[in-house]
Amino acid sequence: MPQPRIIIVGAGFGGLAAARALKNTPAEITSIDRTNHHLFQPLLYQVATAVLTPSQIATPIRSILRNQKNVTVILAKSRE
């Protein structure tokens, strides 16, 4: 019997939480997002005022999920 396939659209807080919650699930998980980074928007004003650097509030999605062997991250966007 093949493994179930789970597709998560969006790698915001909800998408990342879902992927992490499914870490030990015997399923193939695909995370699709239109950007290759997760941005913590509440701190954007601190970047604008030079308190933080952009790299301190934006983390690549692949590095967040790199320890999960059952997750594949795809960069894609919807056709409009």
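A: Begin with a definition: two strands pair if DSSP finds at least two bridges between them. Keep in mind that this is a predicted model. For an example of a bridge, take Ile 32, whose partner in β5 is Ile 74.

Q: What is the order of the strands in the open sheet?
A: The order is β1-β2-β5, three strands with parallel pairing. The edge strands, β1 (5–9) and β5 (71–75), each pair on one side only. From one strand to the next, the twist averages 20°.

Q: Which elements make a β-α-β unit, and what is its handedness?
A: The unit consists of β1, α1 and β2, and it is right-handed. To place it in the whole chain, read along the sequence: the pattern is β-α-β-β-α-β-α-β. That gives three helices and five strands.

Q: Which residues make up the largest nonpolar core?
A: The general idea is that in soluble globular proteins, nonpolar side chains tend to be buried together. In this model the largest nonpolar core has nine residues: Ile 8, Ala 11, Leu 16, Ala 19, Ile 29, Ile 61, Leu 65, Val 71 and Val 73. At least two residues of this core come from α1 (13–21), and at least two from β5.

Q: What is Ala 11 in contact with, leaving aside its neighbours within four places in sequence?
A: Ala 11 is in contact with Leu 16, Ser 31, Ile 32, Asp 33, His 38 and Ile 61. Of these, Leu 16 and Ile 61 also belong to the largest nonpolar core.

Q: What is the radius of gyration of the chain, and what would a compact globule have?
A: The chain has 15 Å, whereas a compact globule of 80 residues would have a value near 12 Å. Along the principal axes, the C-alpha atoms fill a box of roughly 55 × 35 × 15 Å. Burial is a separate reading: 25% of the 80 residues count as buried.

Q: How much of the contacts with a separation of 6 or more comes from residues 24 or more positions apart?
A: Such residues account for 53% of those contacts in the chain.

Terms used. Residues are numbered from 1 along each chain as its sequence is written. This is a predicted model: local features need pLDDT of at least 70, side-chain atom pairs count only at pLDDT 80 or more; totals for chains, interfaces and linings use all residues. Side-chain values use heavy atoms; hydrogens and water are left out. Helices (H or I, at least four residues) and strands (E, at least two) are DSSP runs, numbered from the N terminus. Axes are lines fitted to C-alpha atoms, for helices over the stretch in contact, and angles run from 0 to 180 degrees between N-to-C directions. A nonpolar core is a set of buried Ala, Val, Leu, Ile, Met, Phe, Trp, Tyr and Cys residues joined through side-chain atoms within 4.5 Å. Buried means under 20% relative accessible area, exposed over 50%, partly exposed in between (1.4 Å probe, protein chains only). Contact means heavy atoms within 4.5 Å. A crossover is right-handed if, with the strands pointing away from the viewer, the path from the first strand over the helix to the second runs clockwise. The radius of gyration is taken over C-alpha atoms; the globule rule is 2.2 Å times the number of residues to the power 0.38.
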